[in-house]
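Please state the cut-offs behind each term.

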Amino acid sequence: MAGQQRVALITGGGGGIGGAMCAAVAAGGAKVAVVDRDEAAARRVADGIGGSAVAIAADVSSEDGCAAATAAVENALGPVDSFGHTRVDCARSGQPIGEAA
């Protein structure tokens, strides 16, 4: 990975905690995909970070949504190295935390 910029995908990136995660990861030198159902919120965060971030509008509450979001991120930034989720039930909506594994 030497010489390559890492790519991080952060779900819920348009919110307060997710936006802070995106900013911190970008400050560490990674390219960041700010993924959120609210496209305007994702854009605000990505615009605040600058050129190393892109906004991706996606609903990751299903496996298909996760796959589509990942494909969009990889198309925009390259292969994803790291995932950050601001909700523990990503792609497993409706299941209690203990059953999400």
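**Fold and core of the chain**

A right-handed β-α-β unit is formed by β2, helix α2 (residues 39-49) and β3. Right-handed here means that, with the strands pointing away from the viewer, the path from the first strand over the helix to the second runs clockwise. Helices (H or I, at least four residues) and strands (E, at least two) are DSSP runs, numbered from the N terminus. The model is a predicted one: local features need pLDDT of at least 70, side-chain atom pairs count only at pLDDT 80 or more, and totals for chains, interfaces and linings use all residues. Residues are numbered from 1 along each chain as its sequence is written, and side-chain values use heavy atoms, with hydrogens and water left out.

The chain has 3 helices and 4 strands, which follow the pattern β-α-β-α-β-α-β along the sequence. Within the unit described above, β2 pairs with strand β3 (residues 53-57) in the parallel sense over 5 bridges; pairing requires that DSSP finds at least two bridges between two strands.

Next comes the interior. Buried residues (under 20% relative accessible area; exposed is over 50%, partly exposed in between; 1.4 Å probe, protein chains only) make up 37% of the 101 residues. A nonpolar core is a set of buried Ala, Val, Leu, Ile, Met, Phe, Trp, Tyr and Cys residues joined through side-chain atoms within 4.5 Å. The largest such core holds 12 residues, among them Val7, Leu9, Val35, Ile56, Cys66 and Val73. Two or more residues each come from β1 (7-11), β2 (31-36) and α3 (63-77), and α3 gives the largest share, 4 residues. A second, separate core has 9 residues, including Ala26, Ala42, Val45 and Ala53.

Val7 belongs to the largest core. Beyond its neighbours within four places in sequence, Val7 is in contact (heavy atoms within 4.5 Å) with residues including Lys31, Val73, Leu77 and Val80. Across the chain, 50% of the contacts with a separation of 6 or more are between residues 24 or more positions apart.

Helix α3 also contains Ala68. Is Ala68 buried or partly exposed? Its relative accessible area is 48%, so Ala68 counts as partly exposed. Ala68 and Ala58 are 10 residues apart in sequence and 7.7 Å apart in space, C-alpha to C-alpha.

Cys22 is buried because its relative accessible area is 0%, and Cys66 is buried at 18%. Counting pairs of cysteine sulfur atoms within 2.5 Å as disulfides gives 0 disulfides.
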